[in-house]
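Please read the points below with the sequence and the model open beside them.

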Amino acid sequence: MTLEEKMAKLKEIQKEQARKYGEKNTVKLANDLNKLEYYSTGILGMDLMLGGFGIVSGRLTSISGTESSCKTTTALTTIATAMKKDKDLLCYYYDAENALSTEYAENLGVDLSRLVVDTTQVAEEGLTKLRDSIASGLY
């Protein structure tokens, strides 16, 4: 089979997959993929551990760890970096512990007018709200 025939077959497969699974869920050639945008965590060592670039934009990122392990600082520094890079960016912060210090966030460079904070105490409800918010396309 020639490359031209293979490309025609690929187009057929893509049409069938789009019909079955939706337009966004088809196989693609690598040069048709969107380039990923990254935001630095502000911590060089962590950015390097994440592939050298930081956290991928537009994806849900969960930061976990023990008490006082810089989870909040890492999240807020990343948000501040992202907000500086994109002036139209709206960020979502799920604060399960209801302990976010807005003064600390501002000191790290977070624009509070573009930070949506969810302090839902029930994790399942919080994750549902988060999923709905992401689906809205605001973030």
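1. At 19% relative accessibility, Q14 counts as buried, where buried means under 20% relative accessible area, exposed means over 50%, and partly exposed is in between, with a 1.4 Å probe and protein chains only. Leaving aside residues up to four places away in sequence, Q14 touches T26, V27 and K28, a contact being heavy atoms within 4.5 Å.

2. This is a predicted model, in which local features need pLDDT of at least 70 and side-chain atom pairs count only at pLDDT 80 or more, while totals for chains, interfaces and linings use all residues. Residues are numbered from 1 along each chain as its sequence is written, and side-chain values use heavy atoms, with hydrogens and water left out. The mean pLDDT of the protein is 88, and 99% of its residues reach 70 or more; pLDDT is the predictor's confidence in each residue, from 0 to 100. Confidence is lowest in α5, at a mean of 85, and highest in helix α4 (residues 102-107), at 97.

3. Which residues of α1 are buried? They are L10, Q14, Q17 and A18. Seen down the axis of α1, these buried residues fall within an arc of 100°, so they line one face of the helix; the arc is that of the directions from the helix axis to the C-beta atoms. The face turned away from the buried side of α1 carries the exposed residues K15, R19 and K20. As a general point, an α-helix has 3.6 residues a turn, so residues three or four places apart point the same way.

4. The length of α1 can be checked as well: at 1.5 Å a residue its 19 residues should span 27 Å, and its end C-alpha atoms are 26 Å apart, which agrees. The expected span is 1.5 Å times one less than the number of residues in the helix. After α1 comes G22, whose phi is positive, near 100°.

5. Taken as a whole, the protein has five helices and four strands, and from the N terminus on its elements run α-β-α-β-α-β-α-β-α. The radius of gyration is 19 Å, well over the 14 Å that the globule rule gives for 139 residues, so the protein is more spread out than a compact globule; this radius is taken over C-alpha atoms, and the rule is 2.2 Å times the number of residues to the power 0.38. Along its principal axes the C-alpha trace spans about 65 × 35 × 30 Å. Buried residues make up 25% of the 139 residues.

6. In helix α3 (residues 71-85), the buried residues are T74, A75, L76, T77, T78, I79, A80, A82 and M83, and they pack against β1, α2, β2, β3, α4 and β4. In the loop between β2 and α3 lies S68, which has a positive phi near 60° although it is not a glycine, and which is exposed, with a relative accessible area of 74%. C70 is also placed in the loop between β2 and α3; its phi is positive too, near 75°, and at 47% relative accessibility C70 counts as partly exposed.

7. The last helix to consider is α5 (residues 123-135), whose 13 residues should span 18 Å at 1.5 Å a residue, and whose end C-alpha atoms are 18 Å apart, which agrees. The buried residues of α5 are G126, L130 and S133. They cover an arc of only 65° around the axis, which puts them on the same side of α5, and they pack against β3 (91-94) and β4 (115-118). The face of α5 turned away from this buried side carries the exposed residues E124, R131 and A135. Just after α5, G137 takes a positive phi of about 85°.

How values were computed
Helices (H or I, at least four residues) and strands (E, at least two) are DSSP runs, numbered from the N terminus.
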